[in-house]
Amino acid sequence: MRNHIRIALLIGLGLACPPLAGMAADAGLTIEHAWARPAPAGRMGVIYLTVKDTGAPDQLVGVRTPVSDDAQLHESTMNGSVMQMRPVEAAPVAPGQPLVLAPGGYHIMLMNLKQPLKEGDTVPVTLLFQRAGAVTATATVQREPPGP
């Protein structure tokens, strides 16, 4: 009898608590055009995407994926005539100001890939936002960015 009560309570809690991705959707965040470049196992990879926000301003504060030992938010900038890449702690997203992760700017670096990223494969990535929490997206491995 006690087990039936516990099961009923767990089911009730599951229905009452929306998943984090649902909370992110409620916060007005959408992930579009997620893609990754092909790369061999043991090397570095990269993921690009766009985050659109129709809710309150937020910040991307972390990333993770099961395909690499470590995933980091990076930014490439020009310093004179030299392109530099460095990790950043956060990247802003706000209504009317999408966060674009693209070559030459913000991007997700995948350190020490556990598997090769082959063209046509998909890569799960979890984006961690300061307000919205975790949002999961799927990047398609391809050589060129997706069309508009």
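Does tryptophan 35 count as buried or exposed, and what is its relative accessibility?

Modeller: Tryptophan 35 counts as buried because its relative accessibility is 4%; buried means under 20% relative accessible area, exposed over 50%, and partly exposed in between, with a 1.4 Å probe and protein chains only. The model is a predicted one, in which local features need pLDDT of at least 70, side-chain atom pairs count only at pLDDT 80 or more, and totals for chains, interfaces and linings use all residues. Residues are numbered from 1 along each chain as its sequence is written, and side-chain values use heavy atoms, with hydrogens and water left out.

A search of the whole structure finds one aromatic pair. Its members are tryptophan 35 and tyrosine 48, with 4.9 Å from centre to centre and 40° between the planes, a tilted arrangement. Rings of Phe, Tyr and Trp (its six-membered ring) pair if their centres lie within 6.5 Å, and planes under 30 degrees apart count as stacked, over 60 as edge-to-face and the rest as tilted. The pair links distant parts of the chain, 13 residues apart: tryptophan 35 belongs to strand S1 (residues 29-36) and tyrosine 48 to strand S2 (residues 45-53). Tyrosine 48 also counts as buried, at 7% relative accessibility.

Strand S1 also holds histidine 33. This residue has a phi near 55°, a positive value in a residue other than glycine, and histidine 33 is partly exposed, with a relative accessible area of 37%.

Along the sequence, the order is α-α-β-β-β-β-β-β-β-β-β-β. Of its 148 residues, 36% count as buried. Contact means heavy atoms within 4.5 Å; among contacts between residues at least 6 apart in sequence, 68% join residues at least 24 apart.

Threonine 65, in the loop between strand S3 (58-64) and strand S4 (68-79), is another buried residue, with a relative accessible area of 10%. Not counting residues up to four places away in sequence, threonine 65 touches Ala71, Leu110, Val123, Pro124 and Val125. The side chain of threonine 65 reaches the backbone oxygen of proline 124 at 2.5 Å.

Notes:
Helix = DSSP H or I, 4+ residues; strand = E, 2+ residues; numbered from the N terminus. Polar contact = N/O pair within 3.5 Å; in protein donor to acceptor, adjacent residues only side chain to side chain.
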